[in-house]
Each structure stands twice: as C-alpha cells, then as structure tokens.
There are 2 protein chains.
Amino acid sequence: MGRSGVQELRAGLRPGAHGQEIELRFRKGEIIFFQGDRSDGWFEVVSGIVRTCRFHIDGHRQLTGFYYKGDAFGVECGRREAAAEAVTNAILSRHFAAAGELESSSQNHALERALESANQCIFLLGRRNANERVAAFLLIAAERLESPESIPLPMPRSDIADHLGLTIHTVSRTISGFVRRGLIELDGPQMCRIIDVEGLMAVAGEEVEAAIERLHTAGPSSVAVHPRGERL
Amino acid sequence: MGRSGVQELRAGLRPGAHGQEIELRFRKGEIIFFQGDRSDGWFEVVSGIVRTCRFHIDGHRQLTGFYYKGDAFGVECGRREAAAEAVTNAILSRHFAAAGELESSSQNHALERALESANQCIFLLGRRNANERVAAFLLIAAERLESPESIPLPMPRSDIADHLGLTIHTVSRTISGFVRRGLIELDGPQMCRIIDVEGLMAVAGEEVEAAIERLHTAGPSSVAVHPRGERL
DNA sequence: CGAAACCTTGACTTTAATCAAGGTACGTGG
DNA sequence: CCACGTACCTTGATTAAAGTCAAGGTTTCG
C-alpha cells in the first residue's frame, strides 16, 4: 500500500539545477526508498531529518543512522542495504550514480561520509550501557545540529531505541535519569536542553570511577594486541 | 615499543607487481597501522586474518571487523579511524590512494566493500542477545571462509567478545551452550565444526528467507514507517 | 471532547556482567 | 623429557542492568 504512494511521489520529482541533481520533498513518515530496492544514486539532506533502517528477521528494526542537513545517505551500490524514511518533512537532493567519470570523485566523497556515519553507529552500539549510549547520542545530535544547547528530538523514542539497541523504556528512563541528575532539561519530550555538557560527556565516556578502575586492570588492550608477546 | 618494530617492517616492504601495489608480511599480533595514523592507502588480505579496532576512552576495545582473504580494510581517508592488527600471520597487498584517476574506480570498489563490512558489524551489534550474535558471527565466518562446516577461530575469545559487544565469559558460555545443544562441535577452542546449520541459523534469527525478506521488505516496514498513518 | 499515538513509570523477570576459581594448551629452559 | 610459566579458556555464584509486563499520563489533532 505504501509503495504505490512512494512511486507517485517519485514521479512528482522536479528537475534540479545541474541535470545530475534533483530536489525532492518528502513528508514526515514517508519512505524515500525500500530495503532491497535497486540503487540508482544517493541523497543529500537539504533540510529536515532522515533515518535509515534495516530489519532483522523477527521484525526488530535497526536504525543505521539519522541524517541531518548536509549529510549523505543511500550511497550503497546494487541493492539498498537499508530503507530510508523521512523523520520530519524533508527536502533532499538526489545524485545519480551511473553518470561515469565526472561523478566518481563526488561519489567517492559520499561513500567516505557514509562510511564515517556507519562507524559512528558502530561506536554507539559498541558502548557498554544505556547511559553511555544515550548520552553519546545526545551529544552527537547536538554537534550535528550545531546547536550547542538545544537539541530537537523530533524522532519518537522508538527510533532512538532502535538506533541504540535499547527499548523505549530504557531510553525513557535513562533520559529521565539525566534530568534528575541535572544534566539536561526537557521542554516536552521532543525538545532537550543540555545543562551540563561536561557532565554529559563524562557519562558518555563512562563514569569516572569505572574508567579509573579499568586503568588499574593493567591495560587489557596492550595485552590483547600482542597476545603472545610476539617480538618484531 | 611496538611502533618502531612496525616502522622497521614497513621499511622492509617489497615492491609488488604493478608499482601501485606492494605485498607485505605481518606476523601474528603485529600492528599494521595505528588508530590516528595518517592514511595513505588501503590493504587487501592475500592470506591470513586481520582485525580492525577502535578504543573507547575507558580503554574498552571495539573490533570493527575481521578481514579474510580478498577483503579490503583501511579504506578511510585522512586519519585511521581504527587500528589494524594481524590476528594470524598474514600477507597483505597494499594500495596507495593518491594515485589519481586510474585508481579511483578500484578505490571506489574498496570503499563499497568497507561500507558493506561496516554494515555487517552494525547488524551483528544490533542483535538483541548473545545467542543471536555468536551464532551469526559463526555463520558469517563460515561463509567468508567458504568452509561450510569447519571454522577456524584463530582469534582469542576476547577478540570475538570485543567484536560482538560481549564479555569473554558470555562468549564462552554461549559457545558451550551451542555444543551442549548439538549445534556445533569444538576440536579445541580454535576449531569449530558446524553440526546443525539450520539450527544455528534459526538461533541467529537469520533464516534462509533472510535474503528473500530483504527483496520485498514492504510488509513489516510499512507499519514502522508510517507511525501516524500518514497518507501519501 | 475524544481518540490515537506517544511517553513515562513501577514491579518483576531475564540476561549478561562481574567476581572468583580452576583447567588447558603451549612454549621455554633446566 | 619434564617442570614451569604464561596466556587463554571454561564454569559456578552473585550482582547489576536492561527487558518485559502493566498501567496511567501527556500531547496532538480532528
């Protein structure tokens, strides 16, 4: 049912400035492309917010990224690894991939950005507990939006949860915890103000005590790096 | 201490076939490059296994991938996002990035493979429990090694743990659990045989239909996709 | 005003981390 | 060759964290 609507909307695209680029509008909640679609180019966010998501077999969703103004997404070749959807009303600039040599450097750049974005997602998911993940998520959002204090969170809690590998309950409780500890304040569930950046960064990096405790463990990393004291 | 050894080894590189490529040998445990190093090219695995890892502030390690014969790693530009280390003795082919137009299509290809690898890592970490993650890890290793039944696991359990976001204890217990359930067998901790592929896939949550699912994902996504029943 | 979607919180359960102890494989040197 | 040390692996008991179940509250919009 949704699919035909998207096709319609795609048909309604308007030619952009360069022939190679096209500007598209999507409304909140609309699908930009489906997981498994044949890929014929990538997108850049002009305004609004976009999410990409993949589905596990049990229906459980993994959001692989949120994309803000200037971010690129959907750079994969062949088939779409993840679906893309508009979190808010959004304007996108579309770039076609198969355009040959002229395009290759910009495609390269887009690929690099996509890789960076993927690495950021890995780094978020690699954190060990909910506090770290949510704090890091908020700080990243603040940085991406270039809004040092005020962070709009137009995505539902379920999006944040599926991005961080948590449940909406844990996300909600964690955010409430931050409010209780005076790290942030909420103006409604969709608007967050950071009160104590330092404190939030400390949480994101892990509580101080835990970090110290780990240093005393005599660097598990260096051990792991040279498992058998291999000499070079 | 390790660094000087690596530099020495780098000095000992031998010119390869095409001038643009060089073949390098690393011994088990050696560092290929450090996180934060300036990037001047990427690598392809000729033989052996390589891991890439990033470190969180607390010293906690995140392995972002294992790379087997034919895999590319270290494709990022600017500075290395992650360190790379030889899990086993390894032979690598080195590709220089700044070589201009001729190289750009192969760099593009390498970037795409790197992105795929990152996505796989996200998909592993996105799984909800230890059973799913370990089972998926084993299946992926089997597939990558093109060894349908016998999976060598030359990396220590700590590597697997840091890759999957678990502890070595949980990894060990989970593997033991699979053995107890008759899904796999171990010939020593570093050699694993899959007894019941179907069963393991069922545990991983990624049944044979997974590939198919990806092709027509319209169903389950449309629910999540239209949180407010937005009409197009 | 009512409905729908979304958010928060409390009580309880499950899962994985932590703490602690042994066990195994393997290389080194006596 | 065997004893020893080191790194690595496994397992049991306990604790901490996040998931689940359940209920009620808030926001938004028609």
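I take buried to mean under 20% relative accessible area, exposed over 50%, and partly exposed in between, with a 1.4 Å probe and protein chains only. I note at the outset that this is a predicted model, in which local features need pLDDT of at least 70 and side-chain atom pairs count only at pLDDT 80 or more, while totals for chains, interfaces and linings use all residues. Residues are numbered from 1 along each chain as its sequence is written, chains are lettered from A and ligands numbered from 1 in the order in which they are written, and side-chain values use heavy atoms, with hydrogens and water left out.

**Entry 1: B:Glu85**

I looked up B:Glu85 and found this residue in strand β8 (residues 83-86) of chain B, strands being DSSP runs of E with at least two residues, and helices runs of H or I with at least four, numbered from the N terminus. B:Glu85 counts as buried because its relative accessibility is 1%. Its side chain makes a polar contact of 2.7 Å with that of B:Arg51, where a polar contact is a pair of N or O atoms within 3.5 Å; within protein, one must be able to donate a hydrogen and the other to accept it, and residues adjacent in sequence count only if both atoms are side-chain atoms.

**Entry 2: chain A and its four-stranded sheet**

For chain A I recorded eight helices and 12 strands, and 53% of its 232 residues count as buried. I then followed an open sheet of four strands, ordered β3-β8-β5-β6 in chain A with antiparallel pairing; two strands pair if DSSP finds at least two bridges between them. Its edge strands, each pairing on one side only, are β3 (31-33) and β6 (61-67) of chain A. Neighbouring strands of this sheet are turned by 30 degrees against each other on average, direction ignored, with axes fitted as lines to C-alpha atoms, for helices over the stretch in contact, and angles running from 0 to 180 degrees between N-to-C directions. Helix α4 (residues 157-164) of chain A packs on the sheet and touches β5 (50-55) and β6 of chain A, its direction making about 105 degrees with that of β6(A); contact here means heavy atoms within 4.5 Å. I also saw that β3(A) and β8 (residues 83-86) of chain A run antiparallel and are joined by two bridges, with A:Ile31 opposite A:Glu85 in β8(A).

**Entry 3: the sheet in chain B**

In chain B I found three strands in an open antiparallel sheet, in the order β10-β12-β11, with β10 (150-152) and β11 (184-186) as its edge strands. Three bridges pair β11(B) with β12 (residues 191-194) of chain B in the antiparallel sense, and B:Leu186 stands opposite B:Cys192 in β12(B).
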